Amino acid sequence: MTKDENTSLAQTVRGMRDLVGVDVSVYGEIINTLMRVAYSHGYSQIETPILEFTSLFVRGLGEDTDVVGKEMFSFLDRAGQSVTLRPEGTASAVRALITNKLTQTLPQKFFYYGPMFRYDRPQKGRYRQFFQFGIEDFGESGPLSDVDVIALAHEGLSKLGVQGELFINSIGDKSSREIYKSHLVDYFSKYKNDLSEDSQRRLLTNPLRILDSKELSDIAIIEGSPSLFDFLSKDAAAFFDKVQDGLNVLSIPYSIDRTLVRGLDYYDHTTFEFKANIDSQPLAVVGGGRYNGLVEEMGGPSIPAVGLAFGVDRVMLAYDRARIPAKTVISVLFVTEKEEVVALKLANALRDKFNVIIPSDGGIAKRLKQSNTAGATCAIIIGEDEVRLSAVKCKLLKAVGEYSDGDEFSVEQANLEEFLMRVTVPKDKIL
Ligand code: HAM
């Protein structure tokens, strides 16, 4: 018996969940808001496949990262090729830039959103299928583009009413990092036997990754390690100064966090994260940075780039649900089949202003109950008499303003929309 034969058919895979009810509205509102912000900064949408060759991520994110080493959903397809459910969007965006020969017409500014997959330990704000909204700006090398990308995140979060605290760092250019690495190796070698197994291996393969370790045995040693800041080249330091100048000009508050190396290998120069308090725990809701070497690393020309991704699930947790604008629900009920066509026409005519449902199963009492469950404010009842008089019966299902739950009115069909606006929207809410 395979493992999956033991599970119930109604169970989701661990770390994956359905979005239903208000969660879907919140998700939609967040994506719509971020899309508007991205368009206003000159980005346009790109859609890449959810499944890519495993080598894309191994090469793109770095063999020694936790994502590649421990968290990828990889499997052999029927042709025996190793494929992976995308754990993030940057590597795919770079591949798409090269695949579609977009490297000749720069800059290229993309946004994307959708599910990503990491075999992480599920907990609040950490899922195995999660959603990102990402942007990638290819072909712009100046610090102003880093500032613009960070400003986009700042604007997105504030439009969503989410308080995010910005942390920034510079991990320098390649030459600064090479010098720094040799100092790191000297330092960590002194504590080699006290380091975790992963960190001992990384001492040989990628010492910078040790700084990202969450192992308790490593943390105390990391605290005393030399800072990359002290090894920044003149150019890298000047670049970082200009990023800070730009943030100051835009009055975007930030703190410098020298340990912010990020969990993926492709970064250089600027790295940043926005953290929000979720259940009194600071969690990264946006992460990003510059990655000037990646396009070339993936087989394209040398093209500078900078980008970020919002963790949409975490933004959802920090989002105030009361912000979702409610559209009034109206229920249209026909008494017998003979009134069906009139009901259908009336319902369609009202859909510009209202969300309209036409419950059709069972008697009027049952359908009134269904209308209540669906949150309808008013039921419009159409019988033989109403059709003859070109009128409808309106029964309020909720008290609104001066009107009470259960109040009934006879209204001419021609005046219905105006009447519903009046009775379903309290007077103080009419603009
Ligand atoms: P990342 O920091 O790995 O960066 O992910 C970005 C955001 O995705 C995180 O800050 C977090 O909010 C969310 N996230 C990551 N893993 C999970 C998870 N298991 N469950 C829920 N949310 C999660 C990237 O992915 C880069 N591609 C960002 C980037 C774009 N850098 C340059 N361009």
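This is a predicted model: local features need pLDDT of at least 70, side-chain atom pairs count only at pLDDT 80 or more; totals for chains, interfaces and linings use all residues.
1. A word on ground rules. Residues are numbered from 1 along each chain as its sequence is written, and side-chain values use heavy atoms, with hydrogens and water left out. Local features need pLDDT of at least 70 and side-chain atom pairs count only at pLDDT 80 or more, while totals for chains, interfaces and linings use all residues.

2. Start with the ligand. Around the ligand there are 26 residues, of which E88, T90, E136, Y267 and A284 come nearest (a residue is near a molecule if one of its heavy atoms lies within 4 Å of it). The shell divides into eleven nonpolar, eight polar and seven charged residues; here Ala, Val, Leu, Ile, Met, Phe, Trp, Tyr, Cys and Pro count as nonpolar, Asp, Glu, Lys and Arg as charged, and the others, Gly among them, as polar.

3. Which side chains have an N or O atom beside a nitrogen atom of the ligand? Y267 does, at 2.6 Å, and so does Y266, at 3.0 Å. For E136, a polar side-chain atom lies 2.8 Å from a ligand nitrogen. (A polar contact is a pair of N or O atoms within 3.5 Å.) The protein covers 95% of the 660 Å² of accessible area that the ligand has on its own, by the Shrake-Rupley method with a 1.4 Å probe.

4. Where does the shell come from? Strands β6 (129-138), β10 (281-290) and β11 (305-311) each give two or more residues, and β10 gives the largest share, six residues. (Strands are DSSP runs of E, at least two residues, and helices are runs of H or I, at least four, numbered from the N terminus.)

5. Now an open sheet of three strands, in the order β2-β4-β3 with antiparallel pairing (two strands pair if DSSP finds at least two bridges between them). Strands β2 (51-53) and β3 (73-76) stand at the edges with a single partner each, so one side of each has no neighbour in the sheet. Between β2 and β4 (residues 82-85) there are three bridges, and L51 stands opposite L85.

6. The other open sheet has five strands, in the order β13-β12-β14-β15-β16, and its pairing is mixed. Edge strands β13 (355-357) and β16 (408-412) have a single partner each, so one side of each is left without a neighbour in the sheet. Strands β15 (residues 391-396) and β16 are antiparallel over five bridges, with C394 opposite F409.

Terms used. A polar contact is a pair of N or O atoms within 3.5 Å; within protein, one must be able to donate a hydrogen and the other to accept it, and residues adjacent in sequence count only if both atoms are side-chain atoms.
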